[in-house]
Amino acid sequence: MRLTPPRGHAVFFLLVVTLAAGASGNIAGNLVPKSASDPSPNTVRAPIPLRSETGVTRRELDEETGHIRSELAKLQRRVETMTGAPELHRPRSGAGDTPAGNANSADFAAAMAPVRQGLADLAFALNRLTPRPAWTAGVHQHAQRISSGKADYRINAPAGVRVRTVTIANLGDTPVVNPRISVNGNPDWFSTPDIIAQTIRPGMSDREKALALWGFVKNHRRHDHPGHQSTEFQDPVRMHNIYGYGYCKHAACVLSVLADQAGLQSRVWGLKGHVVPEIYFEGGWRMLDPDEEVYYFEDDGKTIAGVETLQRRPDLIRKRQGRIMDGTENLVRIYTTTENNSIGQFYKDTSEAVHTMAFTLRPGEALMRSTGNWGKYFTALYLDEPEVYGNGRFTYEPRWIASREPEGIESADNIMVRVGANGTRLAAADAARPAVIAYRMSGPYPYLDGAVELAGVVPAGGAVVLEFSEEGKRWSRVGQVRADGIFREAIRTGGHFRNGYGRPMYAYQLRLRLEGGAELEALKITSDIQVAPASLPVLTAGANSVQYWDETKGAPTVAVTFGYDAQ
């Protein structure tokens, strides 16, 4: 697989030093703070025997990885001190719960997960040392209030318009289901069939369909390190709405999926250091490379060549330059070293077209998507910051109405809504027991960071406790508020979102416990996400036709806001 040159040299230097510390034990040992039990100032911790005859015990593994995590946290705190960013706190596993015996592969995977999380956190902290343009929501705004499930309106945009943010907010009393926006007919990538419908026009030949799909993939993604190894990088919807980048393999598989779903035949070739798709039309297999952004003609100047032809005819490759490879001769070598070339069913087996961008906005909830970013991205493979990506944010402010069960909740126990001095409050129905309420956040974008803003009253001896769970079964404490009287506080939840390993989170739950007579007057939940900038509807100078539609039962009330700059 081809790699682009690393961009974060400082990141790699520190991470290599840190990993070396963990592997050898020597550097790591010298970083251990001296304690009163140290026999001499020169004592260092001995490394665990990673290749011993007796194996590594679970306790040894936990001790070593715990030490590496500790050193990573120290480095992260140093960097955060330099940048002024708040420290990111990760939940810790309980002490004394390590079972006896030697560690197996599952133990190593579990132990390495927080280490990889720590490496990612350090990389994100180091990224903040690189100067970057300040994120902006846009100097100007155009807000449109909509009171139906379908609306068309026009926006006259000034010269030099550049959309920064697009926001959909639910202002009504009805949950808004699958809200969508399109400007001048683009883009509508809600599902794979929607992508195909937008790309292929009636009456197209198979050649025209294939080239249109190739153009779609080529124009709306870029070659960059993938965030992880999941099949969602080979799903057209998630690739183009969330990431917008990946390797040649991902581009080839996405084009293959689109071709198959459009009724064409496709296959994927694994070459030596490259992956390309072929689509069948005009009586043969035709290679269309979306990663290199190139295809090759046979001698007639019209027929598109396939891989088997290119293996025999490197002169055809030399006639057209690819975009990524350093020199045409690299591509010639890749195609002509035929002992490594094969059609890979594996690529099709690990691709999919199952996802959509479905989500629901509860009353008081909004989604903001940005063409820019503030440094949040998911990575479980390479720590380099992507060259181009966007961020966004879900914001939810639940509304509590007296004598009614709170809306939008996942679960509740001993909860009542009562009228207080400044409006409604959440309180315990039975003052002798804690009140418990949980909210579930779920959407089509990966959750990366967040916060909870709380306001209310906590009497002496009472508390508001905030807990986090991915699936609603295992809970970890995020923070608590203990205040003798009125309070307003923000608690960061970012340390509880998975990153650095595995797959990103697409859902999570927050649980609030009101203890000792504590009451809530206001709650605001924010969740930062990753988005692909090319998936956002944008304005152009002059008249723009905006289409809004959703699948809400009943009459929704939403506000659609474009934030933009202009010359």
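A: Ala366 stands opposite Thr395 in β14. This is a predicted model, where local features need pLDDT of at least 70, side-chain atom pairs count only at pLDDT 80 or more, and totals for chains, interfaces and linings use all residues. Residues are numbered from 1 along each chain as its sequence is written, and side-chain values use heavy atoms, with hydrogens and water left out.

Q: How many bridges between β13 and β14, and in which sense do they pair?
A: Strand β13 (residues 365-370) pairs with β14 in the antiparallel sense over 5 bridges. Strands are DSSP runs of E of at least two residues, and helices are runs of H or I of at least four, numbered from the N terminus; two strands pair if DSSP finds at least two bridges between them.

Q: And which strand is joined to β14 by 7 bridges?
A: β23 (residues 519-531), and the two run antiparallel. Gly392 has Ile529 of β23 as its bridge partner.

Q: Is Thr395 buried or exposed?
A: Buried, with a relative accessible area of 18%; buried means under 20%, exposed over 50%, partly exposed in between, with a 1.4 Å probe and protein chains only.

Q: What about β14 as a whole, how many of its residues are buried?
A: 6 of the 7 residues of β14 (residues 390-396) are buried, so the strand is largely enclosed by the rest of the structure.

Q: What does Thr395 contact, leaving aside neighbours within four places in sequence?
A: Gly364, Glu365, Ala366, Lys524, Ile525 and Thr526. Contact means heavy atoms within 4.5 Å.
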